[in-house]
Amino acid sequence: MPELSSQIFIDGASVDFTAASLKERGDNTAAQLDFVLPTSSPNYRKYWNKEITAFFNSSDTYPAFRGHIINTTTNANNSVKFTAVDALGYLTGHSRAEVVLDDDKNIDGLSVGASVVKLIEMANLQNTIGTAYVGDTTPVIPNTRPRGTTVILDAIKELLGLAVDMTNPDLPRDNLIKVIDDGTKAQLRVEVKTDIDNTIPIKFYNYENNIVDFNVKSRDIPTTITVRGKNTAATFKHSSAMNALGNSSKVVSNPKLESRAECMDFAQKIFLANVQNKYEYTLTTFEGLYLKENDVIHIRDDETGIQGNFRVVGKTVDFGPNKFQLQLIINQRPPLLSQFLT
C-alpha cells in the first residue's frame, strides 16, 4: 500500500493531526472532513468557522478538501475532533443559506445554471463559493419561478431534478451539482450523470491487482414517478413495487413530451432504469484516491461474476501520517432518486 504525506491546514497554518476521515456522499450533499488534534487547550472554539484545506500528499497542487469547521468535540485522551464541511455545507445544515424571492427580487426566466449563480450572489456567498465553472443542466431548462423564503440548496436540488437528459432514449439521466477546487476557491459545477456505457473508464479494478473487498447493498428507488410535459403531466405508480420496496417519489420535467401517454411512457422508463440497477456497491481498494463523483471505473470480480463499468457515487478516505484506507461507493446506472444530507 503506498504511503502518503498528508497535510491539513487551518487558515493556512499546518496542524499536526493524528487521524482524519473524508466522506464524500455525492448526490448533491456536502462532503465532510473529521480530523483529530492532540491538544488539551480550552481555546479550541476559536477554530470554529475557520477555513480548512486537506491534502492527501504534500506535493498535490489542489486540496482534496476545502471547507470550514462547524463543530468540535473533546475526547477523553486530551484530543479534540474537528468536523468541517465543504462549499455545499454553507447551503445546508442549521445555518443553511436562505434568500427571499418576490416579484421584485427573483430568478425568473433564468436557466438552472444561471439560477445557481444568482442565488449565490443574492446570499453574498460569491467570495466563498465560486460559480465560474457552474455550467448548466442537460437539457437547459428554465426555473420554476420560486417565491418566498427559499433555502438555496433545496431550490438547487429541486431544479436539478426537473432536468432529464434523453440523449440515449433508453437511459434517462438527471443532473447533479459537485464541488471542484481551482487552487484558491471551491467551485460549483453542474453535470449530467455519466452514460457509463459510452464513457471510457479512467481506472480498472480486479482482485489480482487492487481490490481488497467488494460488497453490495440495495438502494432506494422511486416507485411513484410524476412527469411534467408541455401543458400535460402523468403519474406512474407501481403498486407491487411499492409493497416490496417502499413508497418513494420522483418528479421530473420533459417539455418535449406533448401528451399524457408520452409522459406515462417516460415515467415507466425511469422506473425500469432504476429497478434494473437497484444495487449500490462498496469497493475497498488502495488505488483511486483522487476519483470524484461521476467518474467511470471498470471492475472485474470473478467471485461474484460482476464485470463492467461503474459510476463513482462517493467515497470515504481514512488517512493519517503515512497511511490511508479508501472505500468507493459506486453503482452501475445513474440513480434518479434525490438523496439529502442527513
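**Exercise 1. Decide how far helix H2 (residues 152-162) is covered.**

Solution. Helix H2 is mostly covered, with nine of its 11 residues buried. Buried means under 20% relative accessible area, with a 1.4 Å probe and protein chains only. Among the buried residues are Ile-152, Leu-153, Ala-155, Ile-156 and Lys-157. Leu-159, Leu-160, Gly-161 and Leu-162 are buried too. Helices are DSSP runs (H or I, at least four residues), numbered from the N terminus.

The model is predicted: local features need pLDDT of at least 70, side-chain atom pairs count only at pLDDT 80 or more, and totals for chains, interfaces and linings use all residues. Residues are numbered from 1 along each chain as its sequence is written, and side-chain values use heavy atoms, leaving out hydrogens and water.

**Exercise 2. Work out how H1 (residues 112-122) and H2 are oriented.**

Solution. Start with the axes, which are lines fitted to C-alpha atoms over the stretch in contact, with angles from 0 to 180 degrees between N-to-C directions. The H1 and H2 axes come within 10 Å and cross at roughly 175 degrees. H1 and H2 are therefore roughly antiparallel (angles over 145 degrees). Next, list the contact (heavy atoms within 4.5 Å). H1 supplies Val-112, Ser-115, Val-116 and Leu-119. H2 supplies Ile-152, Ala-155, Ile-156, Leu-159 and Leu-160. Last, sort by class: eight nonpolar, one polar and no charged residues. Nonpolar covers Ala, Val, Leu, Ile, Met, Phe, Trp, Tyr, Cys and Pro; charged covers Asp, Glu, Lys and Arg; the others, Gly among them, are polar.

Definitions and conventions: Buried means under 20% relative accessible area, exposed over 50%, partly exposed in between (1.4 Å probe, protein chains only). Helices (H or I, at least four residues) and strands (E, at least two) are DSSP runs, numbered from the N terminus. Angles under 35 degrees count as roughly parallel, over 145 as roughly antiparallel, 65 to 115 as roughly perpendicular and the rest as oblique.
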